[in-house]
Amino acid sequence: MSEDIAALVRQLAAVDRAERRAATDRLVALGAPVVEHLLPLLGAEEGPGRSAAESCLQGLGATAIEPLQRVRSEGPGGLRSAALSALASLGGGDALGPADRAAVERLVRVKLLDESPGDLPAETWLAVPGAEVKDIVRALELHDARPVTTALGVSAAVHHENSLDHRSDDGTSSTAYRVFITPEFDGWRLVYGADYLNDYWAQAVEKLSTQCREAHFYAVDEYNGARVWWVAENGQDKRGHRTYGDPEWVGEPMEFERDLMQDEDDELYDPEEAEEYAEGVRDPEEVASYISIQPTTVEVLDKVGHGWLAVTSPDVGHGRFRGALDI
């Protein structure tokens, strides 16, 4: 059987897509015995073979977890690293053994000592000035907040599985989310959670502004050409813009917007610029540059403390979210 599996694994790197798909289907049907044969491909360079091996493991799902755990504990040593990444991708932290979980926690503690965060994502984020982490956690009703590096927080809340459905003991179903609170940059903390903000940004900015006095929301959707920015104070909407909103604008122009608006009598009147800013500023990153901070500039800002990763449900821990996270 091993020879048959080895032949199918070689077929995963075939030029023909149909041949790769057929090999994938047959390997998945063979179940757990194929796992160890797939691991060498996961450490290979990007290509059809590696992608097909990843598809095989995803197809195997929970069936692959026990063989992967055995590789982690018994070897061979050359496959242990690939097995660890595959375990995290398939089963999250709950699939890792105690020794692996402890090693990850130690590495996080070490990296927090001299972390130098790079630029942060500028697609969807909240910004809160002068807020303590405990206030953000309380406002958003978060649970199990734990110290993390910025790389890990962004990886968990943006780039990997950051929402999952679960059933409570009373039989009701709900969705749990991961949320990342950044270190403080020039007095501001940013909050990330791709799925959470997609579903609850309006509620989140209201709750944060109620608890922390002021909160902003920014979103840039390049695919749909949509731009959103919103400022709330003390639980009330102050100013906002939504490309496809009805209405498009909320509140009165802020001071920085009025400074950009031009009258025809202005000495430096520019018709194109006057038209662009006639109603206000539409671009969220430009707005952030005036009234908060831009995620793409945090590397040069003063940093205080570290980030925190939390979940929105007390019944769902971090270990159930799948993904091989950056640290």
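Reader: Is strand β1 mostly covered or mostly open, and how many of its residues are buried?

Author: Mostly covered. In this predicted model, β1 runs over residues 124–129, and five of its six residues are buried.

Reader: Which strands pair with β1?

Author: One is β7, residues 214–221, which pairs with β1 in the antiparallel sense over four bridges. Another is β6, residues 188–192, also antiparallel to β1 and also with four bridges.

Reader: Which residue in β7 is the bridge partner of Thr-124?

Author: Ala-219.

Reader: And for Pro-129, which partner in β6?

Author: Trp-188 is the bridge partner of Pro-129 there.

Reader: Which residues of α2 are buried?

Author: Arg-20, Ala-23, Thr-24 and Leu-27. Looking down the axis of α2, these buried residues sit within an arc of 105 degrees, so they line one face of the helix.

Reader: Why would residues three or four places apart point the same way?

Author: An α-helix has 3.6 residues a turn, so positions with that spacing face the same way.

Reader: What covers the buried residues of α2?

Author: The cover includes three other helices: α1 (2–11), α3 (35–42) and α4 (48–60).

Reader: Which residues are exposed on the other side of α2?

Author: Asp-25, Arg-26 and Ala-29 are exposed there.

Reader: What caps the N-terminal end of α2?

Author: Asp-16 does: one of its side-chain oxygens lies 3.2 Å from the backbone nitrogen of Ala-18.

Reader: Now the whole chain. How many helices and strands?

Author: There are 13 helices and twelve strands. The C-alpha atoms fill a box of roughly 85 × 45 × 45 Å along the principal axes.

Reader: What share of the chain is buried?

Author: Buried residues make up 44% of the 327 residues. The chain exposes about 16,900 Å², and carbon and sulfur atoms supply 46% of that area.

Reader: Of the contacts between residues at least 6 apart in sequence, what share joins residues at least 24 apart?

Author: That share is 65%.

Methods: Residues are numbered from 1 along each chain as its sequence is written. This is a predicted model: local features need pLDDT of at least 70, side-chain atom pairs count only at pLDDT 80 or more; totals for chains, interfaces and linings use all residues. Side-chain values use heavy atoms; hydrogens and water are left out. Buried means under 20% relative accessible area, exposed over 50%, partly exposed in between (1.4 Å probe, protein chains only). Helices (H or I, at least four residues) and strands (E, at least two) are DSSP runs, numbered from the N terminus. The arc is that of the directions from the helix axis to the C-beta atoms. Contact means heavy atoms within 4.5 Å. A polar contact is a pair of N or O atoms within 3.5 Å; within protein, one must be able to donate a hydrogen and the other to accept it, and residues adjacent in sequence count only if both atoms are side-chain atoms. Two strands pair if DSSP finds at least two bridges between them. Accessible areas come from the Shrake-Rupley method with a 1.4 Å probe; for residues, only the protein chains shown count as cover.
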